[in-house]
Amino acid sequence: MAVNKVMQSFSEAIADIGDANTLIVGGFGLCGIPEKSIMALRDRGTKDLTVVSNNCGVDNWGLGLLLAGKQIKKMVSSYVGENKIFETQYLSGELEVELVPQGTLAERIRAGGAGIPAFFTQSGVGTPIAEGKEQRVFDGRTYIMERGIKGDFALVKAWKADTMGNLVFRKTSRNFNPLAAMAGKITIAEVEEIVQLGELDPDEIHTPGIYVKRVLLGSNYEKRIERKTVRAVIG
Amino acid sequence: MDVRMKIVKRAVKEIEDGMYINLGIGMPTLAANEIPEDFHVMLQSENGLLGIGPYPTEEQLDPDLINAGKETVTAVKGAAFFDSAESFAMIRGGHIDLAILGGMEVSENGDLANWIIPGKMVKGMGGAMDLVHGVKKVIVVMEHVNKMGESKIKKQCSLPLTGQRVVKRLITDLAVFDFTEQGMVLTEVMEGATLEDIQAKTEAAFTIKEGLQ
């Protein structure tokens with residue numbers, strides 16, 4: 001066990017991600033995405049990736065950057081509707097897509113990380129999602145079998161980490177990140193602040209460091225907003 | 001009043017004090033502004049928030065705090081944040097009292113289609129397929145007919161399904177229907193609509209609740 005998992009360079013941290021690897025990437029929309037790791041991967045040009053992530057960024061940000069470089073061979077997602085490059089590559093057959101109901105996707109990643117090879121859910125019964133899947137009836141209701149997902153790597157974004165990789169997330173940027181962290185053989189966490197051991201209250205830790213191999217401090221997070229909605233202050 | 005607000009205002013009557021509720025993207029989200037102020041309800045957002053508050057002011061704007069429609073929001077007093085597996089545990093596990101969702105088509109046995117139009121760009125189902133099975137009561141809101149004037153309430157859905165036999169109640173600009181063991185039942189005629197109008201614009205077979213009109 002490495003007591004200090006902190007690495008200095010994003011390009012070094014992602015250097016052993018190979019062509020055709022499977023990556024599990026945290027984030028919902030552009031909220032809580034590992035933006036620095038994604039940019040490092042773009043710069044390195046790693047290709048033929050299978051990426052498991054709820055969404056696929058937008059044209060010029062997040063996972064959309066990897067699409068633009070034609071680095072992704074297959075996406076496993078629940079919603080991919082915000083991305084023009086995605087549409088073009090999907091329609092031309094360059095990009096393979098597996099659509100998974102959002103709750104099933106979350107549970108498949110959680111299960112993968114928790115050593116559960118498969119589970120049954122009602123989500124998708126009677127829809128195209130059920131095609132080719134084993135069905136069973138429990139207590140009079142039909143369920144379909146879904147498989148756990150594991151990744152060669154997981155890329156996650158947290159708010160704070162200590163040097164052992166214990167992670168704390170902030171507000172709704174938590175989303176898929178703790179699940180992704182569990183399901184990667186090697187999990188790379190980028191954060192906005194790294195604190196010394198003992199500075200995080202054990203009660204506040206969302207993801208225990210056992211799931212995390214590498215910790216990196218990111219700076220100047222852009223945190224782009226997809227839909228800025230505000231209200232006027234009255235008075 | 002515009003057609004969508006008419007539907008939304010009727011849908012809001014389904015909300016009871018003390019409920020945990022998930023509102024779908026689009027028309028259902030508008031219901032949030034119409035909830036009576038003295039009600040304590042908690043709105044759930046699939047990305048990991050129970051207790052959605054109003055849109056933020058410019059000062060409160062926080063990119064780490066969004067709803068399932070990816071809009072910036074705030075959190076109310078008593079709100080909780082959690083990961084996506086936990087979020088769908090509370091959905092699938094039957095802990096949410098009510099979901100109000102949009103629809104493209106509803107069939108007479110309560111099937112719902114609301115995620116894909118074949119031939120058009122694939123976007124994905126998001127959390128809709130999980131919500132329709134887990135939530136205690138699923139209410140669909142949609143306009144009664146499409147832009148061509150054709151009924152969106154079908155004998156059988158022509159679009160790929162989101163879920164089979166999952167809709168409990170359907171609210172349109174013309175009518176309210178319940179889905180029961182005995183099939184689809186017209187329970188209310190919306191203001192300005194007539195029974196003849198509803199019959200003419202509904203492809204699905206339905207019975208009329210005793211005592212109505």
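User: What is the handedness of the crossing of helix 5 of chain A and helix 3 of chain B?

Analyst: A crossing is left-handed if the near helix is turned anticlockwise from the far one by less than a right angle, and right-handed if clockwise. In this predicted model, helix 5 of chain A and helix 3 of chain B cross in the left-handed sense. Helices (H or I, at least four residues) and strands (E, at least two) are DSSP runs, numbered from the N terminus. The model is predicted, local features need pLDDT of at least 70, side-chain atom pairs count only at pLDDT 80 or more, and totals for chains, interfaces and linings use all residues. Residues are numbered from 1 along each chain as its sequence is written, chains are lettered from A and ligands numbered from 1 in the order in which they are written, and side-chain values use heavy atoms, without hydrogens and water.

User: At what angle do helix 5 of chain A and helix 3 of chain B pack?

Analyst: Two packed helices are described by the angle between their axes and the distance between the axes. Here helix 5 (residues 102-114) of chain A and helix 3 (residues 84-92) of chain B pack at about 125°, and their axes are 9 Å apart. Helix 5 of chain A is therefore oblique to helix 3 of chain B. (Angles under 35 degrees count as roughly parallel, over 145 as roughly antiparallel, 65 to 115 as roughly perpendicular and the rest as oblique.)

User: How many aromatic pairs does the structure hold?

Analyst: Rings of Phe, Tyr and Trp (its six-membered ring) pair if their centres lie within 6.5 Å; planes under 30 degrees apart count as stacked, over 60 as edge-to-face and the rest as tilted. The structure holds four aromatic pairs over all chains. One of them is stacked, because the rings of Phe86(A) and Tyr90(A) have centres 6.5 Å apart and planes at 20°. Phe86(A) and Tyr90(A) are four residues apart in helix 4 (residues 84-91) of chain A, so about one helical turn separates them.

User: Is Phe86(A) buried or exposed?

Analyst: Buried means under 20% relative accessible area, exposed over 50%, partly exposed in between (1.4 Å probe, protein chains only). Phe86(A) is buried, at 1% relative accessibility, whereas Tyr90(A) is partly exposed at 28%.

User: How many residues of helix 2 of chain A are buried?

Analyst: Seven of the 10 residues of helix 2 (residues 35-44) of chain A are buried, so this helix is largely enclosed by the rest of the structure. Among them are Ile38(A), Met39(A) and Leu41(A). Just after helix 2 of chain A, Gly45(A) has a positive phi of about 80°.

Definitions and conventions:
Axes are lines fitted to C-alpha atoms, for helices over the stretch in contact, and angles run from 0 to 180 degrees between N-to-C directions.
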